Amino acid sequence: MKLLFTCILVTTIFLTVCAQTPIKTLTAKKTAVAPKIDGILDDVVWKDAPLATNFIAFQPVPGIKEDQDHKTEVYILYDDQAIYIGARMKESKAEDISTEFVNRDQIGNSDFLGIILDTYNDKINASEFIVTSAGVQLDAKISENGEDEAWDAVWESAIKINGNEWTAEIKIPYSALRFSNKDIQTWGLNFVRNRQKFQQKLTWNELDPKRSGFINQEGELLGIEKITAPLRLSFSPYLSTYVNHYPYNQAGISNTNNSLNGGMDVKYGINESFTLDLTLIPDFGQVQSDNQVLNLSPFEIRYSENRPFFTEGTELFNKGDLFYSRRVGSTPVNSYKFYDVLNTGDKIINNPSQTKLINATKVSGRTSTGLGIGFFNAITQKTEAILEHQDGTRETIETSPLTNYNILVLDQNLKNNSSVSFINSSVLRKGETYDANVSALIFNLNTKENKYNTSGGVKMSRLSGGVYDNPELGYSYNLGLGKKSGNFTYSYSFSLVDENFNPNDLGILFNNNNLDNSIYLGYSWYKATKWYNQLQTYFNANHSQRYKPNIYQSFDVESGGYVQFKNLWSMNLNLNYSAKGNDFYEARTAGRVFRSPERYGFNARFNSNRAKKISGGAYISTRKKDLFNGFSVRYGAYQNFRINNKFRIETDIGINPKTNEAGYISKNSNTGEIFFTRRDTKTIENSLEVKYTFNNKMGLNLRARHYWSKLTNKEFYILNNQGNLNKTSEFIHGLDQNFNAFNVDMIYLWRFAPGSELSIAWKDASSMFNRNSELKYFRNFDDTFNGPQNQNFSIKILYYLDYLQLRRKLVN
């Protein structure tokens, strides 16, 4: 028996070792002379540098080894200041090298070379540096949450195209990296090459698509000796000026106003692992305008975050899904108080729609033992509205007090790309307005080779003060497990959110009081055939019920697939079904329910080869509902026209008509009756984007968007206590809706020095809301275009100052 046990143990160990994918390694070499970063590999130091070659494709067909005609050669060196990369990428002929000039942090239609550095070798977090064949830089932080392309570092690169090959040289200073203070270090390393014309991506260390994860399939850079992190201190002061025009055409209110603003971003390396980011009196006036929509749902709209400080380096703060950065500087929390005292005939002198951010701070990093620590803090100033009554007196109403937002994250890396994290967020308000606090403990555990996974967590929210005489506590729990590597993958997830859990002061949760279960099954074919490169199918099912009282809410199933054909076109298809359910939100009244109808639908999307000068796609989605014989269809198309390697035009149109849809329309405040309507809606959204890039440092971008949505009421119903609709003979006039939004953002951007930029922006915005749903599309467009426009012109200059470079210049 003992011999048998020994044999089984040895066999198990042998099979485990054999199952592990071998990784490539390079031994680092220190150079006494730094290469000149000019894109030409003629420096003597490259001759004896460690070489990474024999790249292997992972897209579109995985496992194909590069041949001599398309060979990739990457050299790597280091010294006391930086990591140096030299690379040569060959093609069969010159026209196979794709180049397009675009703004920084964009790829466009270009080949590229990417370097992935996992400086702690934890297989979870890494920094990525990419240079395209047009010389455009892109950098990103990679984590288990994906790529954070908003992260920007200051580094050098240059490229050179010579016939059928292009070369690149890159210098990544240690000030752009975080690493331990060990005398001898091993870093995770991989290189990625993109051959855009053939939509092929290759890596130095092979990526197995059947294995979950990207960073965990890297190679290693061995023997980095005696490097130290420099003093990382930089300042980015800015100066901006704005001119704004809106035709108020009212006495005492100027149509045109202007402002001059100044502030600064500071970045300080506390030690080799941690960085402090601070923004003082920030200016976000030039960020892209929000895509406004007509919201008919009972939930708020989640808008994208476009402010750089809140998108850059936030991978730690996104743990646990407790941070919705748009809460900082959003609508004043007590804005309702203004409307409580607003009477007919009163004049609104000032009513800010957003609170003003005074400053924000981030501290983040990771120790050599894998402990990530993140701290975020922001302060918004008190916001007041001014109202002038009919008798001429003025009243000031505080709509938001001085408010402090903060988040603390502790994230410990474990073996096998696993982690456990603690997150706490809090919102503290001065005065009588309530405070909020949310804590979470989450985990993500993987087996060896990332084959099986279990994840979950527990969260608690606490609201206190103000309207809460006693603190209100809420809880949320979730658990998931499954197989995430291999051709066949599956998962099961469970989520419980009680009736009091509310993270919405700094996070976002559309509804609570749920108990949900879901399953997912998927199968992928990665081996190419005569007609496809990749084929995937999936099935998922979701069941939801109320937590208290325990009442069924919904059941949904969906099945579909994805295929990429040999000509690099692709297609997505799926079928979906929703059973009859209980909707506790559409009635907009606690304790009331709407019996939602049975629904089933179909979705299809087609995409052409993106490497072509003219590319695009089309989609169609249908949905059939039993109630009122309702039907909706969404269809549209998007096109990319690449005129040359500097000029591109992109268009997008989407149309979404719905007929005989049932939905909430109003409530009688005296009787409590809730009115629903049988209605038709129609939405058309158009966008146009024109890009002209002069070179890899200067470009002009124009984006225009028109959105139109209308609602036409046909019949009215009263929601009864059983959740069904009783038709009423009463027709309530004046509740149709017609909404238009039009935006133009045009920005000229010149990166005149590393980390420094000049931007000139012109923004035009207008919107129109009325109750006339009879107006046709072109009449709406004409009225919106010719209506009052808010026009804004601004100039902003930001200059990057590195303390060490500045000190050297002053000394010399």
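This is a predicted model: local features need pLDDT of at least 70, side-chain atom pairs count only at pLDDT 80 or more; totals for chains, interfaces and linings use all residues.
Local features are reported at pLDDT of at least 70 and side-chain atom pairs at pLDDT 80 or more, whereas totals for chains, interfaces and linings use all residues. Residues are numbered from 1 along each chain as its sequence is written, and side-chain values use heavy atoms, with hydrogens and water left out.

**View 1. The open five-stranded sheet.** The strand order is β2-β4-β5-β11-β10, with antiparallel pairing. Strands are DSSP runs (E, at least two residues), numbered from the N terminus; two of them count as paired if DSSP finds at least two bridges between them. The edges are formed by β2 (51-52) and β10 (156-162), each of which pairs on one side only.

View 2. Strand β2 is joined to β4 (residues 72-78) by two bridges, and the two run antiparallel. Within β4, V74 is the bridge partner of A52.

**View 3. Strand β11 and its pairing with β5.** Eight of the nine residues of β11 (residues 165-173) are buried, that is, under 20% relative accessible area with a 1.4 Å probe, protein chains only. Nine bridges link β11 to the antiparallel strand β5 (residues 82-90). Opposite W166 of β11 stands M89.

**View 4. The β10-β11 hairpin.** Seven bridges connect β10 with β11, and the two strands run antiparallel. I161 stands opposite W166 in β11. Two residues lie between the strands of this hairpin, and G163 in the turn has a positive phi of about 60°.

Methods:
Helices (H or I, at least four residues) and strands (E, at least two) are DSSP runs, numbered from the N terminus. Buried means under 20% relative accessible area, exposed over 50%, partly exposed in between (1.4 Å probe, protein chains only).
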